[in-house]
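Open your viewer and get ready to select residues by chain and number. This tour goes stop by stop, telling you what to pick and what you will find there.

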Amino acid sequence: MFSLKQNSWFIRKVVIWRAVASIAWSVLLLPVTTAVFVLLSRFSLFHPIQWISDCTSLLTASSTIFSLVVLCGVVLITGFFNLEFYTLVPSIPCSRMALLGTVLHPRQCVHSLVYCTMGMLVMWCASVTIGGRYSTLGAPCRQSESGEVVTCLNEYHLFLLLAGAFMGYSHSFLGVVQNMYYVSFQPIQQYKYPRFKGCLPMVVKCSVIQALYSARNFAALYFFFGYVPKTWISSTLNLQIDSSLQPLDSLTGLLDFSLLYHLSISGTFLYLTWYLTVLLFRIYVTEAYSFPVQSTFTEDAEQCLPKVLVEKNTFVMKFLALQDLALLSQHSLSRRLEVFSLSQPGGHPHNWNAISRECLSLLSELTQRLVAHQDAVASNGRVKSQSASSDTRSASSSSSVVSGTEDIAETPRLSVPLRTPGSVFKSSVGGANSALTAPFTPDVDSPFSSPAIRRLVGQQDPQSPWFGTVQSPHIMRRGPKLWSASTECQSNGSPPASPATVSSPPAASQKPSFLAQWLQNRKEQLPEASSQALFADCQAHIWALQGLSHLVAASFSEDQFGVVQTTLPSILSCLVVLLEAVDRHFKLPHASSKPGRTICSMGDSTYKTLRFALRAALKTSIYKITTTFGEHLIAVNISTEHRKRLQQFLEFKE
Amino acid sequence: MCSLGVFPAPVTAAQTLFERNNELLSALRPGEHVQPCDLPSPQFTRDTLKGHSRPESSSKSVFLDQRDTLWMRSAGAWRDAGLYGLLDEITNSAEEVPRFLAVGSACVLALLRWASSFHGSLFPHLTLSRDEMVAEFSQMLDWSDSALRSFAWHPHTDKFAVALLDDSIKIYKSNSSPTPTLKHRWQRSVCALQWKPLCGSALAVACQSCLLIWHVDPASLSTRPSSGCAQVLSHPGHSPITSIAWSPTGSLLVSASPVDTSMMVWDVAAESGVPLQRVGGGGVTYLSWSPDGSRLLAATPAALFRVWETRMWTCERWPCLKGSCQSACWSPDGGCLLLSMQGEKVIYALTFSDLTGGSKAASVVADLSETTFPGPDGDLTVGGEVCSLSWDPRGERLAVLLRGDSQAVNHPSVIAVFKTRSSPVFELLPCGFVMGELEQSLDSCSSIRTSSTALCLLCAGLTVASLTCRFTSAALGF
């Protein structure tokens, strides 16, 4: 999550303006959606002419204009929240506790509160627009015994207002659960207008479905608990309750077709307003940006592709730069030539060196992350076999958990910190999701974490580019293996020394407290969440792979000075090492299971399949290089094992 | 312009075997040796493949009629035939339901039929049944009767996949290796197959209801990969799928259905699709991606086709005079598109260029009207409508499958092979005809590919035979 205070030129000059443009378009679309809403809310089949004339007079009325102004305010706040909360790397809670923590986080509470208020505001506008019995909170009524006219509570108005608050909260809640603020990039490039047009039916469908679900849930909620706000409001505002009307928290009161129709129509309008803002923001932010490869002026140097790629703090700029690299490597001959060119005095291939170094360091960072995760899981398995007796207890206590089938999930003690790569590798992911989840995902410094993990994290230095692709995978694997061996020794030799073991009593006779048990159960990992979290930012790696492989393939015919040849061995071995790591990752349980199809929702679930996309992109890029270079690869200086693997690719046996 | 009259007379006696010195030969001279193509020639006959003789919905007639309650029948009708079936059932059992319900459903049914007939009169192909539609827009000569429904060469290795009448797919490599058979619950009425470029294992299959992506491990010895190896991609309203095209980089897959006005661009690994909608034409029947990946042809059932550029995905409309586009192929550099139209016996060429914008209208490059060659046992007529076109990846040979007259004995379907050259002007030169064995018609001319020295062309009838045309670039000598 980036903050507006960050002083990056890209945020100031590009992202802010894109957000402003998207908000402006959402505001411009408001009159259209309002007009459609007015037409639908006043719909009468048998008096079409009166219907049309009513609507036109209503659209020009001052109350509608005022409603529009209020709605503009709502859209502005929504747009601001989009800009403030959007993320390119989804935060994936790895356990139920973490999810709960995210939902109860103070920041999220403020968000929910604001959305509740906005929902009430929109619903107030809607009820004023619908008019009739919905228009005001107080209505004159005649008391039955005395016959005098007093102001009564208009329950219909209250019903709609509460529905707005409910829908606002559920929007905010679902935003967390479905990662509403995650912005994913489309597989193809399109202009903004065709893309908007293509997405519009989906957005309308989603808002209708969501409104119907919310209306159903709210009606049920109001049926059971509706009397609480009703009595509260009537007592604080000193409004009478009209006893002559049917109360709405009864079955006959709720089975009012007109009421339910207006509820779902206004709910659709509410969701559509928010979803359109989100959609426009996504379209604007993910629009491709073309960075210059090199500049003649030194003051523009920081805006050039090689400099921008190295940037670590501004995630959106890094992603767009990598996307631009992937696009230029496929579509633009002239920009490729700039990448392969030499610097004017000196004749150094600075552009190519910077670009390839950054791509390789990204890829090797991913390799390291995968190897560390595999190792963590592997050491986990060994520990499990050691303490089988205590595991039977925890297994029986956690049998109610959905993910009980996952065999590594049966050891909650040691594995809690291990199973949250999102938190373990927080630093390498860039802390983009840390703001929301950090206080609740198990921390490295917590007493629950094993020393092995602390060392693991200590060893992890994402800032140092592990550029030594000349290293054989054996050396690379040996490092983590050593740590895990020491973990094993330690847990074998002196179990009480480990704080993790102290935290949960090893003897089966000692019954753990109910709360601890409950917490343990909730800390059971959601299946495949760790795998998703590990690959959460993989879109960047996919672009790096595409860009690198296409540039290398293009260099076969376009690279006049042979600048690519010098880095070819390191590129090839980096790709092969990554492929081995990815292959081993997919052998883990749950890593290769496909997520279920999501039904229509605005939340983007692309991140769930990113690991498959990465594997496919990786294989395709190796194939791209091997088919282009063919037999020439034999002359490239790489290790024998890598050569064997590449031979498989040359024979199309992968 | 090239016409069939300048072709050398076809050899009718035997199957054409190979090409040497610009001559298509059917037999070896004694003492000669041709390096054999190490590929199997499997034989398929209709009798061994039990197809689905009747569609599932009509199997009802086999069983005795049993009166159910109205609720059961309505539920069954809803499940089998959707809203139409339900309304039909209610209308037909008027004595059991309230009168207003029967009258209402009859009215709604009439209204729906009227609306769909109006829609059908705009786009006549929508009135066809699903199987008829697939047969109409398939690249095969006789899709519904042929034992072989589709065929695909692997773009990089000696491997091919065939889809058969019984909805199974077989993959053949060399003569010795096992031949995996792919079967899946959703794999019905296969209309097109394509191997993923830059990949050894992925095969896309266009089925009646969805798109299947098989991952067949080349190193595996299994002859029956489980259906877990297949990814299912589907989108509501996007079926039957009649054409698929992988991007040359293997990153995207485009699928088209004549019923759906939008074509889907899939990111296969992520299983996400982006619909690209253009209403005109009423659907998309045929797709062809240019080898350099910059353009994509999308033909519609109406007299209109579109050429998409694949950078920002905008399209050019190309209206045709008559008939829809039946088949097309791109030159290796993506600069030239050859097209054939339904009902016309010519090949058109279109040029595309980033600098000049390309041609404003298509030009005729070959005339394929009927020509009669005198032969030893009577005259032989050759020529007709083009069923499919394919160009080898090096841009030296063009194979054209010409539809014959199934009634006439001496008018078979043949493959005409052209030599192509692109400089100084684009030109087609005659090479020869490829004939099937006697009594066999050629069903498909699916694909043509080159390895380093050999060019293989598939002629599929009741036999899959590989014809190896051996030539080297230097020996072409125009």
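Before you start, please keep in mind that this is a predicted model.

**Stop 1: the loop around Pro240 of chain B**

Select the loop of chain B that runs between strand E11 (230–233) and strand E12 (243–246); B:Pro240 sits in it. Now show the backbone of B:Ser239 and B:Pro240: the peptide bond that joins them is cis, with omega at about -5°. As background, most peptide bonds are trans.

**Stop 2: chain B as a whole**

Zoom out and colour chain B by secondary structure. How much of chain B is buried? Of its 478 residues, 51% count as buried.

**Stop 3: a four-stranded sheet**

Stay in chain B and select strands E12, E13, E14 and E15. They form an open sheet in the order E12-E13-E14-E15, with antiparallel pairing. Which strands are at the edges? E12 and strand E15 (272–277) are the edge strands, each pairing on one side only. On average, neighbouring strands of this sheet are turned by 20° against each other, direction ignored.

For a closer look, keep strand E13 (residues 253–256) and strand E14 (residues 262–267) of chain B on screen. These two run antiparallel and are joined by three bridges. Pick B:Ser255 and look across: B:Met264 in E14(B) stands opposite. In general, strands of a sheet pair through backbone hydrogen bonds, either parallel or antiparallel.

**Stop 4: a strand under cover**

Move on to strand E17 (residues 295–299) of chain B. Is E17(B) mostly covered or mostly open? It is mostly covered, as five of its five residues are buried.

- Strand E16 (residues 286–289) of chain B runs antiparallel to E17(B), with four bridges joining the two. Here B:Tyr286 stands opposite B:Ala299. The two strands form a hairpin with five residues between them, and B:Gly293 in the turn has a positive phi of about 80°.
- E18(B) also pairs with E17(B) in the antiparallel sense, over five bridges. Look for B:Leu297, which stands opposite B:Val307 in E18(B). This pair forms a hairpin too, with four residues between the strands.

**Stop 5: two residues with positive phi**

Continue along chain B to the loop between strand E18 (304–309) and strand E19 (314–319), where you will find B:Trp313. B:Trp313 is not a glycine, yet its phi is positive, about 55°. Most residues other than glycine have a negative phi. Is B:Trp313 buried or exposed? B:Trp313 counts as buried because its relative accessibility is 4%, and the cut-off for buried is under 20%.

Then jump to chain A and select the loop between helix H26 (568–586) and helix H27 (610–629), the place of A:His590. Phi of A:His590 is near 75°, again a positive value in a residue other than glycine. With a relative accessibility of 26%, A:His590 counts as partly exposed.

**Stop 6: the cysteines**

How many disulfides does a search of the whole structure find? One, over all chains. To see it, select A:Cys141 and A:Cys152, whose sulfur atoms are 1.7 Å apart. The link is right-handed, with 40° about the S-S bond. A:Cys141 lies in strand E1 (residues 138–142) and A:Cys152 in strand E2 (residues 149–153) of chain A, eleven residues apart. Both A:Cys141 and A:Cys152 are buried.

Finish with cysteines of chain B. B:Cys191 is in no disulfide, and the nearest cysteine sulfur, that of B:Cys207, is 10.0 Å away. B:Cys191 counts as buried, at 5% relative accessibility.

Definitions and conventions. Residues numbered from 1 in each chain as written. Chains lettered and ligands numbered in written order. Predicted model: local features only at pLDDT ≥ 70, side-chain atom pairs only at ≥ 80, totals over all residues. Heavy atoms only, no water. Buried < 20%, exposed > 50% of the residue type's maximum accessible area, 1.4 Å probe, protein only. Disulfide = S-S within 2.5 Å. Pairing = 2+ DSSP bridges. Axes fitted to C-alpha atoms, helices over the stretch in contact; angles between N-to-C directions.
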